[in-house]
Amino acid sequence: MKRNQSGFTLIEIAIVLVIIGLLLGGVLKGQELINSAKVKNLATDFKNIPVYIYGYQDKFRALPGDDAQVDTLHLAGISGVVAAASGVDGASPGNGVLEGAWNATAKAETHLFWQHVRMAGLAAGPTDVTTDIHPTNATGGKIGIASGSNTPITGLRGTYIICSDGILGKFVKQLDITMDDGVTNTGSMMAATTVSGGAPIANANIDDASSYLVCMGS
């Protein structure tokens, strides 16, 4: 007895392939949007810090973190406020320089910077300097600031150096295009392979899946 065999027609196969293509396209587009949002957030971090500095200086005529009168005048009466102590990480309070590495903790001026701008109402976040109160970026890395004389990346210049680590290579290149010249070892924004900095790394040597330190002079 002859039996009829069923199967997919060319039209049905074509429809399935179109649906699969649309789904893949949607997934890729969604991932692209997520990546773009992360780069935008990373760029915002770099843009916000100068705003904190100028806002604090406008209110108190002093540099946050380096403010020698923060506990006796400017933010007096706020529980827990800490002024930089002379000699801590080379600190000389009131000299207009943020002493300390960009990721220093305890009573380094670069760490106290975050307490001062937050207690002044310019930024949100914790203020207990007995813990690490550096903010984190969209990829979970640390954000910090130092004076230009203490830049972690060789050749990077600026009055202040803003740094953010733990940034994937694919974001590093997009971030440099957004903020600077698109070249990761020149200009006002550079990338290095370690949190302690060193020589800047060129675009061709950046691995999309590896993490980097990115700093910008301002």
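## Basis of the values

Residue numbers start from 1 along each chain as its sequence is written, and side-chain values use heavy atoms, leaving out hydrogens and water. Because the model is predicted, local features need pLDDT of at least 70 and side-chain atom pairs count only at pLDDT 80 or more, while totals for chains, interfaces and linings use all residues.

## Fold and dimensions

The protein chain contains four helices and four strands; these are DSSP runs numbered from the N terminus, with helices (H or I) of at least four residues and strands (E) of at least two. Their order along the sequence is α-α-α-β-β-α-β-β.

Along the principal axes, the C-alpha atoms fill a box of roughly 100 × 40 × 25 Å. Among contacts (heavy atoms within 4.5 Å) with a separation of 6 or more, 58% are between residues 24 or more positions apart.

## Surface and charge

Of the 218 residues, 41% count as buried. Buried means under 20% relative accessible area, exposed over 50%, and partly exposed in between (1.4 Å probe, protein chains only). The accessible surface comes to about 11300 Å², and carbon and sulfur atoms hold 57% of it. Areas come from the Shrake-Rupley method with a 1.4 Å probe; for residues, only the protein chains shown count as cover.

There are 14 positive and 18 negative side chains, and the centres of the two sets are 13 Å apart. Lys and Arg count as positive and Asp and Glu as negative, with His and the chain ends not counted; each charge is placed at NZ of Lys, CZ of Arg, CG of Asp or CD of Glu.

## His-74

His-74 belongs to helix H2 (residues 70-74). Its relative accessible area is 18%, so His-74 is buried. Leaving aside residues up to four places away in sequence, His-74 touches Phe-60, Ala-62, Asp-67 and Gln-69. With Asp-67 there is also a side-chain to side-chain polar contact at 2.7 Å (a pair of N or O atoms within 3.5 Å; within protein, one must be able to donate a hydrogen and the other to accept it, and residues adjacent in sequence count only if both atoms are side-chain atoms).

## Two loop residues with positive phi

Arg-61 lies in the loop between helix H1 (10-60) and H2. Its phi is near 55°, a positive value in a residue other than glycine. Arg-61 counts as exposed because its relative accessibility is 67%.

Ala-106 lies in the loop between H2 and helix H3 (109-119). Phi of Ala-106 is likewise positive, near 55°. With a relative accessible area of 45%, Ala-106 is partly exposed.
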